[in-house]
Amino acid sequence: MNITIVGVGLIGGSIGIRLKETQFGEKIIGVEKNEANAKKALQLGLVDEIQSLDEAIASSRIIILTVPVDAITHLLPGILDKVTNQVVIDMGSTKTNILRLIEDHPNRGRYIAAHPMAGTEYSGPEAAIPNLYKDKVMVYVEAFKTDEDAFELADSLTEKLEMKTTFMTAEEHDMHTAYVSHISHLTSFALALTVLEKEKSQGRIFELAGSGFESTVRLAKSSPDMWTPIFKQNRDNVLEVLEEHIKQLQNLYTKLDKEDYEGLHKLIKKSNKIKRIIK
């Protein structure tokens with residue numbers, strides 16, 4: 001059983017590492033339009049060989065899409081046109097538009113929408129790491145529309161990644177990820193822009209940057225090629241979350257501006273309830 005990974009960067013490359021470790025699949029094939037990344041993926045042993053997309057579809061049992069979500073919407077219909085008994089797994093970070101695009105495709109049953117809730121701020125083949133997925137959550141979206149044998153094969157791959165699983169609708173998934181993932185990146189981008197703007201007049205500002213700043217702003221190192229399409233695809237949910245986030249920032253600003261330190265204390269104490277969720 002050959003497995004194809006389309007897009008051999010952080011997500012795809014880390015899958016390749018684990019599948020090769022567990023010998024899940026006879027051959028791991030990479031499809032990568034960036035020639036330098038293709039060479040690096042081979043050098044690092046993330047895949048066994050590089051093929052064209054058409055060659056890989058014809059020679060594989062499982063095709064995993066780990067490219068940016070705009071590329072998935074471009075590639076997925078054509079891939080489904082070519083499959084017979086293959087399983088196509090999309091691991092993009094948004095789902096509603098993708099699922100709407102192929103909802104009436106005759107090979108819809110060979111496709112499963114999945115999202116591994118794992119990652120780092122780095123990108124490219126060099127970013128791939130072992131055990132990226134261990135004990136993380138794989139979200140299956142509208143899995144009831146996938147053929148039973150296709151789902152079982154996809155789920156066996158998830159087991160090899162040592163992931164937990166959960167099931168959601170596309171609307172649930174896109175709203176929840178907007179709150180727990182997408183807003184975190186936007187906030188980090190905004191903080192980075194804020195400090196970089198101040199650096200223009202206060203060039204030594206980063207000399208004081210400690211672990212708190214680093215942990216808060218690290219996501220600002222994430223790839224704009226990946227995140228701009230995510231924000232575009234999940235625009236309505238992200239705008240809703242941003243509106244609430246701006247409101248909370250305004251609350252904090254108002255308390256401090258009016259020297260209402262008791263009110264500020266209450267807001268901070270209220271925020272501490274996040275400890276119930278994040279240990």
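**A walk through the predicted fold**

The protein chain has eleven helices and eight strands. The model is predicted. Start with the overall form. For 279 residues, a compact globule would have a radius of gyration near 19 Å. The protein chain has 21 Å, which agrees. Along its principal axes, the C-alpha trace spans about 65 × 40 × 30 Å.

Next, the inside and the surface. Of the 279 residues, 44% count as buried. The accessible surface of the protein chain comes to about 15,400 Å². Carbon and sulfur atoms account for 53% of that surface.

Val87 lies in strand β5, which covers residues 87-90. Is Val87 buried or exposed? Its relative accessibility is 1%, so Val87 counts as buried. Val87 and Arg61 are 26 residues apart in sequence, but their C-alpha atoms are 6.3 Å apart in space. Leaving aside neighbours within four places in sequence, Val87 is in contact with Arg61, Ile62, Ile63, Arg110, Ala150 and Leu153.

Thr165 is the second example. This residue lies in strand β8. Its relative accessibility is 39%, so Thr165 counts as partly exposed. Thr165 and Val139 are 26 residues apart in sequence, yet 5.9 Å apart in space, C-alpha to C-alpha. Not counting residues up to four places away in sequence, Thr165 touches Met138, Tyr140, Asp155 and Thr158.

Tyr140 leads on to the aromatic rings. A search of the whole structure finds five aromatic pairs. One of them joins Tyr140 and Phe167. Their ring centres are 5.5 Å apart and their planes are at 40 degrees, so the pair is tilted. Which parts of the chain does this pair tie together? Tyr140 lies in strand β7 (residues 137-141) and Phe167 in strand β8 (residues 164-168), so the pair ties together parts that are 27 residues apart in sequence. Tyr140 has a relative accessibility of 1%, so it counts as buried.

Phe167 has another partner. Phe151 and Phe167 form a tilted aromatic pair, at 6.0 Å centre to centre and with 40 degrees between the planes. Here a helix meets a strand in the pairing: Phe151 lies in helix α6 (residues 148-160) and Phe167 in strand β8. The pair therefore ties together parts that are 16 residues apart in sequence. Phe151 counts as buried because its relative accessibility is 18%, and the cut-off is under 20%. Taken together, ring pairs link Tyr140, Phe151 and Phe167 into a cluster.

Last, look at the backbone in two loops. Most residues other than glycine have a negative phi. Asn131 has a positive value, with phi near 60 degrees. Where is Asn131 found? It is in the loop between β6 (111-116) and β7. Asn131 has a relative accessible area of 45%, so it is partly exposed.

Glu259 also has a positive phi, about 55 degrees, although it is not a glycine. This residue lies in the loop between α10 (235-257) and α11 (261-271). At 56% relative accessibility, Glu259 counts as exposed, because exposed means over 50%.

Note on methods. Residues numbered from 1 in each chain as written. Predicted model: local features only at pLDDT ≥ 70, side-chain atom pairs only at ≥ 80, totals over all residues. Heavy atoms only, no water. Phe/Tyr/Trp six-rings, centres within 6.5 Å; stacked < 30°, edge-to-face > 60°. Helix = DSSP H or I, 4+ residues; strand = E, 2+ residues; numbered from the N terminus. Buried < 20%, exposed > 50% of the residue type's maximum accessible area, 1.4 Å probe, protein only. Rg over C-alpha atoms; globule rule 2.2 N^0.38 Å. Areas by Shrake-Rupley, 256 points an atom, 1.4 Å probe, with all protein chains shown as cover. Contact = heavy atoms within 4.5 Å.
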